[in-house]
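Biologist: I'm new to reading protein models. Could you walk me through this one?

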Amino acid sequence: MIDSSLRWVDDRLGVAKGGRTFLDKVFPDHWSFMLGEIALYSFVVLLGTGVFLSLYYIPSAHEIIYHGSYLPLRGQKVSEAYASTVGLSFDVKSGLLMRQAHHWAADIFLGSIAVHMARVFFTGAFRKPRELNWIVGVTMLILGIVNGFLGYSLPDDLVSGTGIRIAYSIIESIPLVGSYIAFFLFGGNYPGNGVIIPRFFILHVLIVPAIIVGLLAAHLGLLVKQKHTQFRGRGRTEHNVVGSPMFPTFMAKTTGFLFMTTAVIFLLAGFAQINPIWQFGQYQPYQISYAVQPDWYMGWLDGALRIMPSWEFVGFGHTWPLEVFLPAVLFPGIIFNIFIAWPFIEARHTKDLAYHNLLDRPRDRPKRTAAGAMMLALLFMVFCASSTDVLANFFQIELNYVLWFFRIVVVVVPILTYFVTYKICQEMRHAEGVGKRKRANVVVRTETGEYETYESEARPGDGHEEIEAVPVPTFIDMVPAELATGAGVRRVMR
Amino acid sequence: MRTLIRGRFALPVALVGVVGLVGLVAFTPSAAQAGPAPVATAPTATTAAPTAKAPAGAAAHPTATAASTASPAAAGTSVTGSPLTSSHGITYYEPAGSLIAPGQALYAASCASCHGVDAAGSARAPNLQGLGAGTVDFWVSTGRMPLANSSVQATRKPPRFNRLQTLEIAAFVQSRTPGLGIGIPVVNLSQASLAAGNSLFTLNCAACHTITGAGDELAYGAYAPSLHLATATQVVEAIRSGPGNMPHFSEGNITNSEARDIAAYVTEVIQHPVDRGGFGLGGIGPVGEGFVALLFGVGVLMLVAFWIGERS
């Protein structure tokens, strides 16, 4: 029955051959290859919860009188966007859970992208032929940050409104074209004519996610086309992939991972409050709250803005303010361009233009590892600088000292990190037997009470003898037992 | 195969167990708040209007700390004195004349060494004459005076004097310049509007005290204190007298009814926020949220990947 219906489909679409290849696609078993899946599945959660939210959210800056169940707001004039978000939190069944799940999923989405990117970077998985996929990934990271900011702004609460105000000034700080771009985006001078909420909405729910979905398809398509990288090991060469086949092993694992990701996100959504916008109140351009920070993935941009000294110079008949343009436009611009160009920078530096399917251990490329650690240290320090006021208040230190502390550590810590990481890598490379399996030491007490120690016999796997790769057959007979997929059986493809 | 499955289930079961336990311990109180709408209490008369029997400043205004509750003696003594002005739920009182004599003794013992025997100030401390009983009451009842050390800004601490003693000191300082300065406000919140208080607080207070009232560091060691311990009387006293770096707002800027609404918003919403959605993560916003998302969210999922995948 199933057989005949499948045959019917195949006779018309001819998918059996491709489907067979896909089901046999081999995934490496190492845990670090699953980090990107966290991002994929939190994106799935984002889409699902986002659809729910869009049913109740009203993207309008039109002012109405609030009549919902949050008492301190009753009778106040608020925008429909804010009123509907407060309504989602209090008056829609499971609305607050969905809102919080959406927000936590966004934070985890970008966090897992960062972790996945670090794995790809430190193991050298971005090298030829995978530079394009690296660029696709970085583009998705940037779009993810942008979409996170857009979504954070939609509730129209006091804190997010402050963020929009800052964004407007950042756009304005771009020389020559800044004011024109800002006017174009906001439909005039700040705060615009109530157009920014509907515009952000359509960008947030349609345009940016559509681009991300397209890039995601390209990301995974390239992954299937170029096949996985893998760590060095027994039977692993530049021309094969060792691991579990898509069906059934990997399919089971990854489906389980989808459920686990969803579970963790909803666990947080149920137990940990995030962005209680009803406490912040409606945004008015003439109001502001102190102690406002953006979400964590924007934190490094905010931190750079905070610790920047107020530099400006007067010349050519203009005042040239650098205190916004340098940290908020040039700094992220340079960082993202380094990200995008890194595969080419490295290839030029090492003059290594060969294909690479085997991964590096981070310690074997001390310069790259040190550079990556330096970048992480820089971003982490700037990120911490976005909470200067919170830190000053918590430790009861003068805010100005905290500012100066960060101005110094932002320069010093990354440089120190580079040299420390470089030295650690070198030491680990030259240490005897690091990364190899240790032999057991057998201690024997003799009849006279003396102790003797000797190393145990070599066990299988102690040496690194290469075994021949066995290609996957194009036609699989389902009967023979040796092809049954058990825990110990692996297939080798290519 | 069986042992493999059992071994692989041990980690997630332990994980779910630990997370569940932590959740139960940490979040149990917040479960009680998931009540039906409306989600905030209506303004109530938390501060009773003074009657002839109950002295206004004394028993009706316990500050947040136990040390400042009125002594039994206060209940029998008429400390209210005469109301100076009264409108829209706020009545400003001048402490009774009978308090001046004991106040002088307390003042001489604890205040005069800096502020001078006649409260006229010295090289070390400002002149207090003309500031009124309300100003003195704010500084003493919040524990800021007597000063612990002469840092940039006086810190809130458990008050040194009980309610009656505080009023006595205020009465003595007021007696130096009768009729000048602000009286001690007694706030009746029964007619207050939380919505108006919300809007006024956002406009006038949030820029320093933050929108959640948590307070924050300003510049050069000055800071806006947390509002989580302030009483309605202290809120109005601070608005009217402008302690430290805070600007003072006269009745032309913030009317008595507006000051009352702000006091209601601070004592009823800021101090008892609707904390739906689980544990509040310290109320310091995205910094805490980011750390939880990265350390707990991404961290746990990496552990899951570590559990599903291979380690070698």
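Predicted model: local features only at pLDDT ≥ 70, side-chain atom pairs only at ≥ 80, totals over all residues.

Modeller: Residues are numbered from 1 along each chain as its sequence is written, while chains are lettered from A and ligands numbered from 1 in the order in which they are written.

Biologist: How many helices and strands does chain B have?

Modeller: Helices (H or I, at least four residues) and strands (E, at least two) are DSSP runs, numbered from the N terminus. Chain B has eleven helices and five strands.

Biologist: Which strands pair with strand 2 of chain B?

Modeller: Strands pair if DSSP finds at least two bridges between them. Strand 1 (residues 83–87) of chain B pairs with strand 2 in the antiparallel sense, over four bridges, and Ser86(B) sits opposite Thr91(B). These two strands make a hairpin with two residues between them, and His88(B) in the turn has a positive phi of about 50 degrees. Strand 3 (residues 184–187) of chain B also pairs with strand 2 in the antiparallel sense over four bridges, with Val187(B) as the bridge partner of Ile90(B).

Biologist: And what about contact between the chains?

Modeller: Two residues are in contact if their C-beta atoms, placed from the backbone, lie within 7 Å. Here 63 residues of chain A are in contact with 65 residues of chain B. Helix 10 of chain A gives the largest share of chain A's side, ten residues.
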